[in-house]
Protein chains: 2
Amino acid sequence: MWKGILEHYRDHLPITERTPIISLQEGNTPLIRAETLSQELDIDLYFKVEGANPTGSFKDRGMVVAIAKAVEEGSTAVICASTGNTSASAAAYAARVGLRAIVLVPDGHIAVGKLSQAVMYGAEVLAVKGNFDQALDIVRSISEEHPFTLVNSINPYRLEGQKTAAFEVCDRLGEAPDVLAIPVGNAGNISAYWKGFVEYHEAGVIRRLPQMWGFEAEGAAAIVRGEPIPNPETVATAIRIGNPASWKLAVRAQRESGGRIDSVSDEEILQAYRRLARAEGIFAEPASAASLAGVIKMREKGQLAPGARVVAVLTGNGLKDPSTALEAVAVKPRVIPCDPEAVLRAISERGMSHGAL
Amino acid sequence: MWKGILEHYRDHLPITERTPIISLQEGNTPLIRAETLSQELDIDLYFKVEGANPTGSFKDRGMVVAIAKAVEEGSTAVICASTGNTSASAAAYAARVGLRAIVLVPDGHIAVGKLSQAVMYGAEVLAVKGNFDQALDIVRSISEEHPFTLVNSINPYRLEGQKTAAFEVCDRLGEAPDVLAIPVGNAGNISAYWKGFVEYHEAGVIRRLPQMWGFEAEGAAAIVRGEPIPNPETVATAIRIGNPASWKLAVRAQRESGGRIDSVSDEEILQAYRRLARAEGIFAEPASAASLAGVIKMREKGQLAPGARVVAVLTGNGLKDPSTALEAVAVKPRVIPCDPEAVLRAISERGMSHGAL
């Protein structure tokens, strides 16, 4: 019986006797073999489905630690900047323990599902006329001067919690994969996974380390370009970040693991996004598909050996961003009269064009 | 390591040697204790969070069985009518195994998240100008005459799969609860839970049976009123059903268990929906909150003893229906300039009114 990551990975986390063991049963997410795509790409591909977490993204792993520590330290309010997933997670765990949550989101650039979450959980949501990077600067400075606990990933407890996803991958496979492919936005998650793999390696749980492959969106590829991007743009709003907070840690993960940080275009992201849903029955948010898009791109470029075991991290649930899904597919359901004949006609017509979408 | 319900509950399911053991790692969903609400209501309350399933609802439990059996029987296409959750689930599992999926939904009465799922997974979505009950009549008649496997809950494999949720409740608690509270729409789920409890009781896994408490939405309360409702209306679209297919089974579950089938108003549903998110950090879809709304109503009416152990089933993920959430809370995020002073001003103003929402 799963009791959440504070309980399950207690020995690997910065927990004291005074840390409240809270949980919404985050973690223990599916690792699903991509039966169709493994065959099509001639690799051994798995998806780590982080959208199955309580608020629908990997952020819950780090947030449960950050919030538990905030409670332990006597905090009464938390604050963060967010492209949406962090705010949903902060709001949920703050609600669970009765803390006040203040979240800053970039006005007009947050998926509707994420906004609905933060609002429902009772967070105080402020939409700032700026982007994520600017919002992060503000909450950083405010948290230094005022009694609000910062729960962005520069809060070290966040990465501590997030590293448990690497533990789970190893626990399931019995070993690290050859390649861990992951979307890169603020660059905290790739850093956290690397920390997890290194700790398991040092503890003797795994015998080898994976290559870390991070993929930024082309319009927000600060690390790939080697400089911050003042106005990042991408359909993958969750990684629409131009100045990653964990930049150095991410580059270290890439170097130490002999991996790569590359970028994928919005078109490649949306293609991978659709292919994932149709081939495997997994609906992830657009940013999540950056990992699969990167794997496909590298395989096509001959940078990935046949048969390689690859785990692609799907960071968030597709339900976070239904509008992008409907636009990406560009198919409106056909509206027809409510009688069997009309339905049968539509079925045989659609049958003719099936697969053409 | 969880492998999905076909594998885990194999001995309790109608599986043969020829049944393909498919999975998106459905089942094994959180049972979360309601810490705050248990105290406020003076009962021992748990939530069975079915929104954590792969497509975000309890439907995945039954669908994985129905689709596996369809494959076993050589079917190449499945068809269903749906208020949204069934279509999402059917589309995902059909995609996973390469079957064609045809889904009928009531035009204009399906939550945006659910529509985005069915479309993304590649189902052929037909929006009929009618309600769920009419759409169900059509797919029933079509499946009798044509080679499409019907995967609505009148397909017996569906309820077989859904009963596993009752197994999980008992496996976690070590015994059945005093009361199992559950939303009632098409009435398949209350019937499936009862089947699960009875089977576990007969197998000696549990020593006593729970009371089954089902709650319909007031505007779609056919069973409570004792007659079909031609034009059901409720904000809880997932249970907007006026002529439940499993009506008789549901009444039997209620009678045999000494339980009740009652109704809750849209206002009670929306209040429970908000309270759940704010008190416990759990975001479920509106229809799910019918179970909590019913528990609150019964407790207030003195129909539920202090200290009673109650499991309320939350059938679907709140992200399925972000629009209702934003409307229910009726708070638009405040848009402010991107500078620390403006943010601090907003925080202190909001802080003054915090809790007033």
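Start in chain B of this predicted model, where H9(B) passes H11(B) in a left-handed crossing. To bring the pair into view, select residues 188-202 for helix H9 and residues 247-257 for helix H11. Their axes are 8 Å apart, and the helices pack at an angle of about 45°. H9(B) and H11(B) are therefore oblique to each other.

Now show the side chains where the two helices touch. On the H9(B) side, pick Ile190(B), Ser191(B) and Trp194(B). Facing them in H11(B) are Leu249(B), Ala250(B), Ala253(B), Glu256(B) and Ser257(B). Sorted by class, this contact of H9(B) with H11(B) has five nonpolar residues, two polar ones and one charged.

Next, move over to chain A and select helix H3, residues 59-72, which includes Lys59(A). An unreviewed UniProt entry lists Lys59(A) under "modified residue: N6-(pyridoxal phosphate)lysine". Is Lys59(A) buried or exposed? Its relative accessibility is 16%, so Lys59(A) counts as buried, the limit being under 20%.

Asp42(A) is not a glycine, yet it has a positive phi of about 55°. With a relative accessible area of 44%, Asp42(A) is partly exposed.

For the last stop, return to chain B and select Asp42(B), in the loop between helix H2 (35-41) and strand S2 (44-49). Here too is a positive phi of about 55° in a residue that is not a glycine. Asp42(B) counts as partly exposed, at 44% relative accessibility.

How values were computed: Residues numbered from 1 in each chain as written. Chains lettered and ligands numbered in written order. Predicted model: local features only at pLDDT ≥ 70, side-chain atom pairs only at ≥ 80, totals over all residues. Heavy atoms only, no water. Axes fitted to C-alpha atoms, helices over the stretch in contact; angles between N-to-C directions. Helix = DSSP H or I, 4+ residues; strand = E, 2+ residues; numbered from the N terminus. Parallel < 35°, antiparallel > 145°, perpendicular 65-115°, else oblique. Left-handed = near helix turned anticlockwise from the far one by under 90°. Contact = heavy atoms within 4.5 Å. Nonpolar A, V, L, I, M, F, W, Y, C, P; charged D, E, K, R; others polar. UniProt positions renumbered as here; feature names shortened; annotations may be inferred. Buried < 20%, exposed > 50% of the residue type's maximum accessible area, 1.4 Å probe, protein only.
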